[in-house]
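Hello,

Here is the structure I promised to hand over. My notes follow below it.

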Amino acid sequence: MSELTSSALPESYRSGPDDRGHFGIFGGRYVAETLMPLILEVEAAWNRYRSDPEFLAELEYYSRDYVGRPSPLYFAERLTEELGGAKVYFKRDELNHTGAHKINNTLGQILLAKRMGKKRIIAETGAGQHGVATATVCALFDLPCVVYMGETDIQRQAPNVFRMKLLGAEIVPVTSGTATLKDAMNDALRDWVSNVEDTFYIIGTAAGPHPYPEMVRDFQSIIGTEAKQQLTEKEGRLPDLIIACIGGGSNAIGLFHPFLDDESVQIIGVEAAGLGLDSGKHAASLSGGEPGVLHGNRTYLLQSDDGQILDAHSISAGLDYPGIGPEHSWLHNIGRVSYVSVTDEEALEAFKQCCRTEGIIPALEPAHALAHVAKIAPKMRKDQIIIMNLCGRGDKDVFTVAEALGEEI
Amino acid sequence: MSQRIQKRFEKLKQEGRPGLVTFTTAGDPDQETAQKILNGLPAAGADIIEMGMPFSDPMADGPAIQLANLRALGSGITLSKTLDMVREFRKHDDETPIVLMGYYNPIHYYGNQRFLDDAITAGADGLIIVDLPPEEDDELCHPCLTSGLNWIRLTTPTSDEARLATVLKNSSGFVYHVSIAGITGTQSADSVDVESAIKRIRKQTDLPIAVGFGIKTPAQVRETGKIADAAVVGSALVNVIRQGVDKQLAKDQIVTNLHGLVSELAAGTR
Ligand SMILES: Cc1ncc(COP(=O)(O)O)c(C=O)c1O
C-alpha cells in the first residue's frame, strides 16, 4: 500500500475533502444506487446553506439559547495539581443540553432537513447520546423521529432509551448482524433506501458517504473555534496539545479542525483499546484495523482476512464502532494527528479520578481521552497547556460503571 | 469481454422468451450444498445465475438475504472459496452466465486486480457491486471492463433521466432494474411503474433489461417477462434454504426443494 504512505503533504490541512468527498484516498460515496440521488440532494442543499447568513443565524440562535453555547473552557486545577505537569483545560461540551457534543450536529442537520422539506427523521445510535440529541431536535421542530439501536446497546444504555421515548421517538431494536452500532447504521440505511421520498438521515458521527463527514465536522467545529478563542482570552496563546476520544470521530474532528494548521499544536486522538489491542476485543480502527469500505466511505476498519467486518468492543458504547471517520484516516496517514489507544480499565481509572478531583462525572468516552492525559501531562512542563474535549457527561454510564466496579445500585 | 451473457440473451431472443435469473448466496447453507445447488440450476431452468458473495454487512439486503449471508459466513465461506465454486461449476457448464453480486469491501481487501484476474480465470462473466456507484468508477468499474468482465449496474425508481445516463454509461452485459425503492425481499413493485421505468431505460440503452426485487412467484415472473428481458428471483429461493435449515431437512432435500422452486418459476418464462 505505497499510495498510503507516500501521500504528499498538503499546503493546508483544512482544505479537504475534494469535490467528490475524498480526504486523500479516504472518504468518497460508496452507497447503493437508490441512495445516490438522495446523497447528491443532501450535498446540494448543504452547499447552498452552509454559508447562507439566515441558516447560520438560526443555527447560532439555537446553539446559544437552546443548547447553551458557548460551552466553558475550564481550568481543571485539582487534576492539574495531582498530575503534576502541564495545565489541563476541559472544553466542557458535557454541559450542552442533552449532555454531549452530539446536539451540535443534530441541530445543524435538522435545520438543513427542514429547508429541504423533509418530513421524517431517522438516526442510528450506539450509546444513545446521538439518539437522544436527534429525538430532542425532532421534538423541538415537530418532526417524527425513528432511532435504530442495537439490542445489545439497548440493554446497556437503558436510561437513554427511556429518554428517547419521553422525547417522542420510536426506537427500533436492531437484531441483525451483531446487534450493535454498525448494524444500527445498516438498518438506518435500509430504512432510508425504503423511504426515499420524505426521509432525512441524521448521521451521528463524522463518517458515512460524502457530504456527511464534512458536514458533521463543520457543525462540530464550533468546539475548536470556541476553545481557540477562549484560550487566547485566558492565556493569550495557543495550547501545546489538544486531545479527544474517538468513536466515529465527530467530537475529535470538531476540536481538531480549527487547529490543524497551527503547527505548534500537537494533536492526539484516543481510540478505545477495550480489553487490549492484543486481545482482539477492542474498537481501535486505526491502531488495529486496515483500510476498507463500509457505510459509504473508505476508511480504516476492523476486519477479518476475508474483508468481513469484525465486532468492536469497548466498555463505552459510544466508542464501540469498527470504523472511523475518513478525515481521521487521512490525518493518521499523513501524520498530522497521532492516534493512541486506552483500555477499558484505564478509562475506568480516569473516570474515577475525574469524579474525585473535579467533581465532574464524565462520560466513559471522554474518560478515554482523560486516561491518556493522565499518562502524558506529568511528562510535560508546568507552563505547557493541554485542552481536552470533555464531550459528554456520565449520567448515562453510572450503571455500566457500577457493574464494572462490582457495585450494586 | 466475456461473451456468455450476450450469447444467452441472443438465445433467449431466438426462443422468443424472457430469461430467469436466479440469486443464491455462495456457501449457503454450506459450500458443498451450495455447490450442488449451483450445479443443478441450469437444468432446473435458470438462464442466468447470480451468486452472492457473502458480506457481514449487506446494507441493501432485507432479512432473508442477510440471514443467507450469515449462514454462509458461519459455514466458513470466503471470497476465494466463492471463486472455487465458480471454477467447479465451469467444469460442467461452459454456457450459463454467472454474475457475482456483492459488496465492495471483501474485494477491496482481496485486492482489486487480483480479484478480477481470479474471477475471470474461474469463469465468472460479470459483477454487480452494490456499493460502487458511478461516482467511484475508477475503483473497480474501469479495471473490470478493461479486464474483460461485464459491469452490471442497478437502475432504480430514484433514477431520473440524467441519472440514468450516468448509470448506463459504463454498464455492460445487461441492466438490472431494481423495481422498488427498498431492500431485497420486501414489497413487490407495481407493474405499471415498472413498465414506464423500462420504457425510459430502453430509450437510453440497447442492453437487455432484467427486473428484480420483490419477484417471488411464477405469475410474477410471467408478468415481468412481458415487459422485461429477464426476471430476477432471490429472496424466495433463499427462503427455501432457510426453511430447510430450520426444519433440519437433509441437505439433498434442500437442494431438491430449491431446484423444484426454480422449475416452477422457470415455467413463467415459457
Ligand atoms: C459522549 C460521547 N463522546 C464520544 C462519542 C463518540 O462519537 P464521536 O467519536 O463521533 O465523537 C459518543 C458517541 O455516542 C458520545 O456519546
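In E12(A), which residue is the bridge partner of A:Tyr30? The partner is A:Gly296. Helices (H or I, at least four residues) and strands (E, at least two) are DSSP runs, numbered from the N terminus.

Some ground rules. This is a predicted model: local features need pLDDT of at least 70, side-chain atom pairs count only at pLDDT 80 or more, and totals for chains, interfaces and linings use all residues. Residues are numbered from 1 along each chain as its sequence is written, chains are lettered from A and ligands numbered from 1 in the order in which they are written, and side-chain values use heavy atoms, with hydrogens and water left out.

**The sheet in chain A**

Strand E2 (residues 26-30) and strand E12 (residues 296-301) of chain A run antiparallel, and two bridges join them. Two strands pair if DSSP finds at least two bridges between them. Four strands of chain A make up an open, antiparallel sheet, in the order E1-E2-E12-E11. Its edge strands are E1 (22-23) and E11 (290-294), each of which pairs on one side only.

**The ligand**

The ligand is surrounded by 18 residues (each has a heavy atom within 4 Å of it). The closest are A:Thr205, A:Gly247, A:Gly249, A:Ser250 and A:Asn251. By class, this shell holds six nonpolar, 10 polar and two charged residues. Here Ala, Val, Leu, Ile, Met, Phe, Trp, Tyr, Cys and Pro count as nonpolar, Asp, Glu, Lys and Arg as charged, and the others, Gly among them, as polar.

- A:Thr205: 2.5 Å, from a side-chain N or O atom.
- A:Lys102: 3.1 Å, from a polar side-chain atom.
- A:Gly248: 3.1 Å, from a polar backbone atom.

The protein covers 97% of the 390 Å² of accessible area that the ligand has on its own (Shrake-Rupley method, 1.4 Å probe).

**Backbone points to check by eye**

A cis peptide bond, with omega about 0°, joins A:Gly16 and A:Pro17. A:Pro17 is in the loop between helix H1 (2-5) and E1 of chain A.

Chain B has a cis peptide bond from B:Asp28 to B:Pro29, with omega near 0°. B:Pro29 is in the loop between strand E1 (19-25) and helix H2 (31-44) of chain B.

A:Thr98 is not a glycine, yet its phi is positive, near 80°. A:Thr98 lies in the loop between strand E4 (87-91) and helix H5 (102-115) of chain A.

Best wishes

Notes:
Polar contact = N/O pair within 3.5 Å; in protein donor to acceptor, adjacent residues only side chain to side chain.
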